[in-house]
Each structure stands twice: as structure tokens, then as C-alpha cells.
Amino acid sequence: MNTSFTAKLQQIQQKNNSLLCVGLDPNFEKLPEIFQKDLENGVVDFCCKIVDATADLVCAYKPQIAYFSAIGAETALEKIIAYIHQKYNGKIPVILDAKRGDIGSTAEQYAKEAFERYQADAVTVNPYMGTDSLESWFKYTNKGVFLLCRTSNVGGSDLQFLDIKNDNGEQQKIYQKVAELAASKWNPNEQTGLVVGATFPQELKIVRKIVGDEMPLLVPGIGAQGGDILQTVQSGQNSKNLGLILNSSRAILFADNTTNNFDKVARSVAEKTLQEIRLAQK
């Protein structure tokens with residue numbers, strides 16, 4: 001893969017020896033009290049302190065847009081992403097977790113929002129409206145596009161695990177069809193990745209087999225959701241023991257929200273998580 005996003009991702013994974021992604025989900029009510037006096041500045045300061053505490057441990061950051069837009073803090077999100085790019089010389093990629101999915105001019109606006117307004121390096125996209133819902137994202141050829149495939153929530157099975165027939169009349173699951181399309185028709189610029197939950201390691205293994213070595217897999221579900229790190233890494237890593245972006249949000253962000261040492265505690269949890277990931281890679 002030759003996109004600047006992928007190059008940036010591979011470089012930071014090697015530099016920091018890390019597959020860990022820290023999710024930035026600043027639930028305002030859970031922030032330490034010192035950050036609750038000023039909504040926008042509080043969210044920015046909290047997230048930036050988390051970033052500074054963990055920047056040498058991660059391969060990416062993943063802000064979830066809902067935690068910002070729900071409280072009218074979109075400007076805070078812009079500032080946080082700009083801070084990450086400026087403070088760390090654009091070397092740590094930011095994946096905007098937006099799960100957008102629409103067609104035509106609306107999709108164009110969503111893509112513009114993610115890549116031009118917020119300056120994200122990659123974005124999560126819902127592919128269930130089909131090919132024409134993805135075309136606007138693929139126009140940004142230097143950006144990463146992570147398609148929802150086998151999500152970490154239990155309810156994902158309602159649709160993703162349904163049986164269908166492939167082109168040869170053989171039975172397969174819907175998430176497997178998504179993986180097949182992502183490895184071919186839905187990857188015109190070699191910029192596509194997939195979202196596959198750590199809570200389903202067997203399916204993660206199947207997805208890796210379908211897409212091959214090169215495609216990055218964004219894997220939520222370790223940490224608070226209880227995904228097993230050893231099983232996840234062994235199921236999803238490629239032949240080079242890479243190819244994964246393992247996201248942990250709440251377990252790191254809110255490891256301690258009662259003291260002024262929250263960032264130090266967050267770093268400690270991130271270090272422990274990364275150590276488990278490294279051990280699992282061997």
C-alpha cells in the first residue's frame with residue numbers, strides 16, 4: 001500500500017514498536033473535575049494531556065466524533081487533531097471514528113468534513129449502502145478508509161453473520177463478503193482497511209485470510225470490552241507480526257479520573273496494554 005496514511009502508520013509502528021491505538025472518547029461527565037469548568041477548553045486540555053502521556057507508546061489516535069458533536073465541541077476536536085499533527089510533526093496518524101455512510105453529494109460533504117475540516121488521516125465508514133457510497137472517500141487517495149466489517153458489538157451478528165451465497169453459489173457470511181469486496185473492488189487506491197472487533201477472534205482470523213498481508217485491520221474491543229489480546233494478535237496479525245491497530249479507549253482514558261495524576265495512570269495502563277501486545281506478537 002502506497003498511501004501516505006499507510007506509510008505514516010507503518011513508520012510509527014516501527015518507531016514506537018507498537019500496535020496500540022488510544023481512542024479519544026472524552027465523555028465530559030467522566031473527566032477529572034478540573035476539566036469540567038470549561039467545556040471546550042476542558043476537553044482539549046484533557047485529550048492533549050492524554051496524548052502527551054502516551055505519544056511514544058501508540059501507533060495512532062482514534063477520536064470518536066460523537067463525544068465531541070454531542071456537546072457542541074467540534075472545534076475542540078479540530079484543535080486536538082491539529083495539536084497531534086503539530087506537536088508530533090505529523091508522524092502519528094489520527095483515525096476519525098465517524099462511521100459515516102451515504103451516497104452522492106452527501107457523502108462528498110462527509111468526506112470533506114473528515115479530511116478537510118478535521119484533517120484526519122483516516123476515517124471509519126459504513127459500507128452497507130454499497131459501492132457508490134464509498135467513491136467520495138476514495139477520491140482522497142492519500143487517506144485511509146476503514147470499512148465496518150465484523151464489529152465488536154454483540155448486535156453486529158444480526159446482519160453481519162447472516163448467510164448468503166457468493167458468486168460461485170457457496171455459502172458465506174455477510175462480513176466475509178465485505179472483506180472480499182474490500183480486498184478487491186473496494187480498494188482502488190490501496191487505501192482501504194477493515195474494522196474487525198477483538199471480541200470475535202475466529203472471525204478476525206478469517207478476515208485476515210481473505211484480505212491477505214497488506215491490509216490494516218482496525219480492531220476495537222480490547223480493554224473495557226474485554227477482547228483477549230493474545231487471541232486477537234495471533235488471529236489478526238500478518239506474516240510480519242504487524243497489520244493490526246488495536247484500540248483501547250475507556251480503559252486508558254478513565255483509568256483514574258479522580259486525581260491530578262490521571263495522565264500518569266493512563267500512561268501506566270497504556271504501557272501494560274502495550275507490553276501484553278508485544279508479548280502476544282512473539
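I started with F5, which is buried at a relative accessible area of 2% (buried means under 20%, exposed over 50%, partly exposed in between; 1.4 Å probe, protein chains only). F146 is buried as well, at 1%.

Notes on the source: this is a predicted model, where local features need pLDDT of at least 70, side-chain atom pairs count only at pLDDT 80 or more, and totals for chains, interfaces and linings use all residues. Residues are numbered from 1 along each chain as its sequence is written, and side-chain values use heavy atoms, with hydrogens and water left out.

Next I looked up ring pairs. The search of the whole structure gave eight aromatic pairs (Phe, Tyr or six-membered Trp rings with centres within 6.5 Å; planes under 30 degrees apart are stacked, over 60 edge-to-face, the rest tilted). F5 and F146 are edge-to-face, at 5.7 Å centre to centre and 85 degrees between the planes. I placed F5 in helix α1 (residues 4-16) and F146 in strand β5 (residues 144-150), 141 residues apart (helices are DSSP runs of H or I, at least four residues; strands are E, at least two; numbered from the N terminus).

Then I turned to F161 and Y175. Their planes are at 5 degrees and their centres 6.2 Å apart, so I logged the pair as stacked. F161 is partly exposed at 33%, whereas Y175 is buried at 1%.

Which charges sit over these two rings? K173 lies over the face of F161, 4.3 Å from the ring centre. The charged end of R150 sits over Y175, at 5.8 Å (NZ of Lys or CZ of Arg within 6 Å of the ring centre and within 35 degrees of the ring normal).

Last entry: F35, F46, F254 and F262 are linked into a cluster by ring pairs.
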